[in-house]
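Please view the sequence and the structure together before turning to the points below.

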Amino acid sequence: MNKQIPMLPLNLGLMAASPQAGAQEGGYRLPPAALQAIVDAPRAPALSLSPQRDLAAVVQTPPLPGIAEVAQPELKLAGLRINPRTCSSSRFSFGTDLALLDIATQKESRIRGLPRGLRLSDLAWSPDQRYLAFTHMAFKGERGAVELWLVDIAARKAGRLSAQPLSAVLTRGFNWLPDSSGLLVHWRPTGMGKAPQSTGIPSGPIQQDSEADGAMRQLRTYQDLLKNEDDARLFEHYVTVQMVLLDLHGKGRMIGAPGQYSRTSIAPGGEYLLTQSITRPYSYIVPANSFGERVDVRNLDGELLHTVANLPLEEGLPPGNDAVSDGVRHVSWRADAPASLVWAEAQDGGDPARPVVDGIRDLVYLHAAPFAEPPRVLARLTMRYAGIAWGREDVALINERWHKTRDYKQWMIAPGHLSTPPELIYAGSYEDRYSSPGSPVMRADATGFPRLLIGPDTSILLDGAGATPEGDRPFIDRLSLTTKQKTRLFQSEAPYFENVAAVLNDEGTLLMTTRESPTERPNYYLRDLTKPAARQLRALTDYPHPTPQLKDVHKEQIRYPRNDGVELTATLMLPPGYEQQRDGPLPLLMWAYPQEFKSAGAASQTTGSPYRFNSVSYWGPAAFLAMGYAVLDNPSFPIIGSGEEEPNDTYLPQLVADAQAAVDEVVRRGVADRHRIAIGGHSYGAFMTGNLLAHTRLFRAGIARSGAYNRTLTPFGFQSEERPFWQAQAVYQAMSPFNNADKIKDAMLLIHGEEDSNSGTFPLQSERMFQAIKGLGGTARLVMLPKESHAYRARESILHMLYETNAWLDKYVRQAKPV
């Protein structure tokens with residue numbers, strides 16, 4: 001339950017609108033009232049469960065922020081977006097209230113002493129549950145700070161822990177010590193002075209070099225990169241932090257000198273500190289997470305005890321989605337030991353095309369304090385290391401996977417007895433949802449580190465989505481690692497969709513779940529499996545329907561075949577009160593996102609559930625049910641490449657077949673008019689939209705948000721395509737709707753955030769696509785949303801997006817005549 005909490009800041013009002021006037025128009029526009037109501041629908045609070053699982057922090061989620069909030073100053077450096085006022089990562093989602101919920105009694109209690117105008121950013125329970133730490137974004141005029149606050153759980157009282165502001169650019173700025181006696185924090189260093197200012201006068205040309213070494217590297221296209229030495233100095237200023245041990249009274253003890261620490265963590269035993277710090281040289285073509293890094297172990301005085309690795313700047317990986325960094329990677333503490341490090345090292349230089357001895361791709365190492373002896377091999381893997389779930393000396397689960405084949409394996413190992421051979425627990429394809437065993441249930445131990453919840457007969461609990469041909473049915477299983485026998489403890493049953501949010505006891509018989517139905521929004525429940533079925537459930541929350549005006553929306557999970565026999569799934573939604581015989585076919589909005597598969601069997605599997613809540617969000621297509629449209633949400637658009645075939649080699653014919661099948665099905669059902677269907681999508685879905693308009697006449701209009709349309713501008717791969725342009729030029733050219741803009745005969749609305757930070761989806765992509773359609777005499781409209789990134793955040797932007805989409809659909813779909 002201790003997941004990052006989705007929180008949104010206060011709305012600061014709607015800017016005045018002005019009439020449309022072509023390229024000269026200005027101001028934000030409002031959609032019809034029915035769409036405005038969806039944007040402003042109340043949001044449910046977020047919950048964070050306590051370590052002892054008997055309390056939950058309840059964080060109030062406010063309405064969307066206004067454009068004035070989103071337009072705050074922002075620095076774009078080395079792939080980061082930084083708020084210089086607060087010395088933190090730019091964000092616009094904050095909790096506005098905090099309370100505590102008693103799980104046993106369902107009583108919610110207030111917390112005294114919270115800061116006025118709370119803007120809660122991050123929170124974390126102390127391992128002993130006596131305290132709850134959170135950060136508050138404080139503003140005073142043009143100045144701001146990340147403040148650290150502490151809630152005394154017994155007293156239900158909050159207070160600011162330290163007057164010195166935190167630095168939260170690369171991390172959240174604080175972590176609890178394993179013994180709950182205080183926190184390891186990142187302070188903004190005192191005495192650093194103001195951020196360095198550029199004179200605006202160049203000191204010389206910007207220079208970059210490339211030396212011929214014969215090695216091909218994937219250099220993906222990134223945004224917000226460093227441009228010159230002035231940027232580099234500014235970057236260093238904002239990522240430099242002072243590590244401090246802060247006790248529960250706010251008294252701090254500095255650890256060493258300030259440094260560019262990207263990650264710091266104290267070992268479970270509390271004696272050692274793992275630090276990762278960014279090193280020069282920097283780069284103008286990759287973001288900070290590819291810069292050089294030094295990984296060290298220190299004592300709590302900051303003294304260097306052991307260097308784990310000095311990792312160089314990495315400007316691109318070898319080709320392939322299975323490529324990784326050469327050398328040490330994924331360094332972390334072993335959760336069930338006082339001070340042991342674990343990491344992986346590729347045996348093929350990180351290059352999946354390179355042959356290896358005995359088929360071993362990755363070695364996983366274990367190195368125990370005081371780090372005087374050489375590290376020991378924990379595991380030899382034939383695929384890429386994909387993480388460890390720690391349990392105890394004789395039980396840990398280690399995972400490996402290979403993207404090219406979608407293969408996945410899980411092994412049981414004995415980290416305290418390395419001579420014990422590993423035992424295979426599961427092997428299969430990770431895209432085969434029907435066969436997925438689920439994920440091990442983890443539980444924070446007394447030091448706050450996650451551990452396997454191990455029961456009798458060396459058994460563990462597995463939490464799974466429960467994909468079936470009838471839809472997802474979440475489950476909890478008990479698996480004996482000794483006998484490999486499984487016992488199903490719980491599974492969601494129709495007509496509800498019930499998902500396990502947390503396991504509350506060691507036996508796995510007391511669960512916190514979220515339960516929903518098509519007409520009931522998700523609420524939290526306690527389910528006691530030891531009681532008779534009729535008495536197992538007890539409600540924890542009672543959040544009302546956020547859009548009661550759309551409560552009677554009809555939703556159906558439908559199945560239909562593609563022309564080659566691949567089975568496809570979609571969610572069909574119809575407006576409240578719709579009757580097919582009376583109302584006939586409706587205009588329809590289809591919203592999709594293509595996905596690559598290695599087998600037709602996996603592509604044919606059912607996704608979703610017919611029993612999920614009929615959620616109507618402003619972000620997806622369902623909002624237009626309020627305007628009388630039928631909606632086909634998330635129809636399967638699989639792109640399959642079996643065996644040695646690459647999916648994208650046949651991208652276009654498969655894409656067209658997916659769309660044709662979906663259109664034929666809604667027309668066959670009599671709910672959609674074949675001549676009044678629109679296609680839309682976001683990001684890769686926008687790319688799909690451009691291609692479908694270029695290569696079919698199935699749709700009267702397209703809605704393409706934040707997409708990329710010219711694949712030569714992403715020459716080192718995109719989505720799951722791992723071949724660079726120079727190895728698959730025909731594929732890149734054929735897949736680029738920009739190259740086929742002359743074939744687009746139906747109306748295309750392009751919407752893009754003016755400051756999109758997503759790799760590959762430069763705003764230029766939409767600008768050039770619009771220019772191509774316009775220059776060729778086609779019908780298009782380009783809307784650039786100021787201050788917005790890949791996803792749009794400001795209330796004004798969201799409302800304007802809906803205004804534009806509704807106007808486009810009304811003109812080119814609802815009023816369309818047969819062709």
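The points that follow cover cavities, strands and salt bridges.

The structure is a predicted model, in which local features need pLDDT of at least 70, side-chain atom pairs count only at pLDDT 80 or more, and totals for chains, interfaces and linings use all residues. Residues are numbered from 1 along each chain as its sequence is written, and side-chain values use heavy atoms, with hydrogens and water left out.

**Cavities**

- A search of the whole structure gives four cavities of 30 Å³ or more; a cavity is a set of points on a 1 Å grid over the protein atoms alone where a 1.4 Å probe fits but cannot get out, and lining residues have an atom within 4 Å of a point.
- The largest cavity has a volume of about 110 Å³, a volume being the space filled by probe spheres set on the grid points, which are joined across faces, edges and corners.
- Residues that line the largest cavity include Asn321, His403, Lys404, Glu646 and Glu722.
- Its lining comprises one nonpolar, four polar and seven charged residues, where Asp, Glu, Lys and Arg count as charged, Ala, Val, Leu, Ile, Met, Phe, Trp, Tyr, Cys and Pro as nonpolar, and the others, Gly among them, as polar.
- The second largest cavity holds about 50 Å³ of space, and Arg91, Phe94, Arg119 and Met137 are among the residues of its lining.
- Two or more residues of that lining come from each of β5 (88–89) and β9 (131–140); strands (E, at least two residues) and helices (H or I, at least four) are DSSP runs, numbered from the N terminus.
- By class, the lining of the second largest cavity has three nonpolar, five polar and two charged residues.

**Strands and sheets**

- Six bridges join β24 to β25 (residues 395–402), and Ile388 has Ile398 as its bridge partner in β25.
- Strand β36 (residues 510–517) is largely enclosed by the rest of the structure, because seven of its eight residues are buried, that is, under 20% relative accessible area, with exposed meaning over 50% and partly exposed in between (1.4 Å probe, protein chains only).
- β36 runs antiparallel to β35 (residues 497–503), with six bridges between them, and the partner of Glu498 in β36 is Arg515.
- β36 also pairs in the antiparallel sense with β37 (residues 520–528) over seven bridges, and a hairpin of two residues joins β36 to β37.

**Salt bridges**

- The count comes to 48 salt bridges, each being a side-chain nitrogen of Lys or Arg within 4 Å of a carboxyl oxygen of Asp or Glu.
- Asp122 and Arg91 form a salt bridge (3.2 Å, N to O); Asp122 lies in strand β8 and Arg91 in the loop between β5 and β6, so the pair ties together parts 31 residues apart in sequence.
- Glu646 and Lys404 form another, with the closest N and O atoms 2.5 Å apart, and the pair ties together parts that are 242 residues apart in sequence.
- Glu646 is buried at 14% relative accessible area, whereas Lys404 is partly exposed at 30%.
- Asp673 and Arg676 meet in a salt bridge (3.2 Å, N to O).

Notes
1 Å grid on protein atoms, 1.4 Å probe; cavity = no way out; pocket = protein on both sides within 12 Å on 5 of 7 lines; lining within 4 Å. Pairing = 2+ DSSP bridges.
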